[in-house]
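Biologist: I would like to learn how to read a protein model. Can we go through one together, feature by feature?
Modeller: Gladly. Ask as you go.

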Amino acid sequence: MQEKTSAIKDALKLYFIMGSPNCHRDPVNILEEAIRGGISLFQFREKGQGALSGTQKKKLATALQQVCKEANIPFIVNDDIDLAMEIDADGVHIGQEDEAASIVRKRIGADKWVGVSAHTIEEAERAIKDGADYLGLGPIYPTSSKDDAESVKGTAIIRQFREHGFSIPLVGIGGITSTNAAAVMEAGADGVSVISAISGSEDVEDAAIRLNQAVHSGCANQ
Ligand SMILES: Cc1ncc(COP(=O)(O)OP(=O)(O)O)c(N)n1
Ligand SMILES: Cc1ncsc1CCOP(=O)(O)O
Ligand SMILES: [Mg+2]
């Protein structure tokens, strides 16, 4: 396996996603606690009611990026390719409604990580052709964190993609908690991505620890 692919597979294990609308207190503190709990990848997703824009958004992005740098956690930007390029993020995540993956890949270069959301085999095939490094599959379970989420796919989508022969790194998203994360891994995912299970928890560090344990127990049954 290519070094980049192997690094991405490892990083996807516990992928924390958030922005200020997901946080009831300072996002920097939440990220620091999540890192102490063992997250392996971070996505800055500044989206939803009250989301920051312009210089305020960039200021928060650079503060969170600095926290990730100090902990050696790759920092991914959701949707905003200009911001990712401006601050030299490690990569971007885009969906089917965002800038096309082929264009994004050309803009940010071969070394950066490009994640693409896929809901069907056809979308996945196109994303792979366009240069995606990993696919985000979901929503696996019902979610309250995305108003325009697609229909719930269950872990069946992960099994289906693996049975189809896709070897690209896959991460599940949507409604994932420490109770169901093992099932996502057992279906063939390389990791789980979560917003509310960490950012909405009373004890952020403990939430990440419990998710990590669930992911590793699921790995053992792959
Ligand atoms: C890891 C991961 N997977 C899927 C998504 C969803 O991306 P998208 O469909 O573009 O929706 P938004 O997050 O932009 O609302 C994601 N962000 N991360
Ligand atoms: C961004 C996104 N894409 C599909 S579901 C989702 C939201 C995931 O949030 P949560 O982990 O709180 O269900
Ligand atoms: Mg998007």
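Biologist: Let me start with a pair of strands. Which residue stands opposite G172 in β7?
Modeller: L137 does. Keep in mind that this is a predicted model. L137 belongs to strand β6, residues 134-137. Strands β6 and β7 pair over 3 bridges, in the parallel sense.

Biologist: Where do the side chains of β7 point, and are they buried or exposed?
Modeller: Look at both sides of the strand. L170 and G172 point one way from β7. V171 and I173 point the other way. All of these are buried.

Biologist: Which strand pairs with β4, and in what sense?
Modeller: β5 does, and the two run parallel. Here 4 bridges join them. For one example, take I94: its bridge partner in β5 is V116.

Biologist: How many residues of β5 are buried?
Modeller: Count neighbours for each residue. A residue is buried if 20 or more other C-beta atoms lie within 10 Å of its own. In β5, 6 of the 6 residues are buried, so the strand is largely enclosed by the rest of the structure. Both faces are covered. W113, G115 and S117 lie on one side, with V114, V116 and A118 on the other.

Biologist: Now a helix. Which residues of α2 are buried?
Modeller: Helix α2 covers residues 27-36. Its buried residues are P27, I30, L31, A34 and I35. They span an arc of only 135° around the axis, which puts them on the same side of α2.

Biologist: What should I expect of phi and of peptide bonds?
Modeller: Most residues other than glycine have a negative phi, and most peptide bonds are trans. Exceptions are worth a look. N72 is not a glycine, yet its phi is positive, about 65°. N72 sits in the loop between α3 and β3 (75-78). N72 is exposed, with 8 other C-beta atoms within 10 Å.

Biologist: What is phi for D79, and where is this residue?
Modeller: Phi of D79 is positive too, near 70°. D79 is in the loop between β3 and α4 (81-86). It has 18 C-beta neighbours inside 10 Å, so D79 counts as partly exposed.

Biologist: And which residues does a cis peptide bond join?
Modeller: G138 and P139, where omega is about 0°. P139 is found in the loop between β6 and α7 (156-164).

Biologist: How do I read the surroundings of a ligand? Which residues are closest to ligand 1?
Modeller: List the residues around it, then sort them by class. Ligand 1 is surrounded by 18 residues, and the closest are G95, S117, G136, I173 and S193. By class, this shell has 5 nonpolar, 8 polar and 5 charged residues. Next, see where the shell comes from. β1 (14-18), β4 (91-94), β5 (113-118) and β7 (170-173) each supply at least two of its residues.

Biologist: How many residues surround ligand 2?
Modeller: The number is 14. T143, S145, G174, I195 and S196 are the closest. The shell divides into 7 nonpolar, 6 polar and 1 charged.

Biologist: Is E202 buried or exposed?
Modeller: E202 has 7 C-beta neighbours inside 10 Å, so it counts as exposed. E202 lies in the loop between α9 and α10. Its C-alpha atom is separated by 34 Å from that of T5, 197 residues apart along the chain.

Biologist: Last, the whole chain. How many helices and strands does the protein chain have?
Modeller: There are 10 helices and 8 strands. The radius of gyration is 16 Å, close to the 17 Å that the globule rule gives for 222 residues, so the chain is as compact as a globular protein of that length. Along the principal axes, the C-alpha atoms fill a box of roughly 45 × 40 × 35 Å.

Biologist: What share of the residues is buried?
Modeller: Buried residues make up 45% of the 222. Look at contacts as well. Among those between residues at least 6 apart in sequence, 63% join residues at least 24 apart.

Notes: Residues are numbered from 1 along each chain as its sequence is written. Chains are lettered from A and ligands numbered from 1 in the order in which they are written. This is a predicted model: local features need pLDDT of at least 70, side-chain atom pairs count only at pLDDT 80 or more; totals for chains, interfaces and linings use all residues. A residue is near a molecule or strand if its C-beta atom, placed from the backbone, lies within 6 Å of it. Ala, Val, Leu, Ile, Met, Phe, Trp, Tyr, Cys and Pro count as nonpolar, Asp, Glu, Lys and Arg as charged, and the others, Gly among them, as polar. The radius of gyration is taken over C-alpha atoms; the globule rule is 2.2 Å times the number of residues to the power 0.38. A residue is buried if 20 or more other C-beta atoms lie within 10 Å of its own, exposed if 12 or fewer, and partly exposed in between; C-beta atoms are placed from the backbone. Two residues are in contact if their C-beta atoms, placed from the backbone, lie within 7 Å. The arc is that of the directions from the helix axis to the C-beta atoms. Two strands pair if DSSP finds at least two bridges between them.
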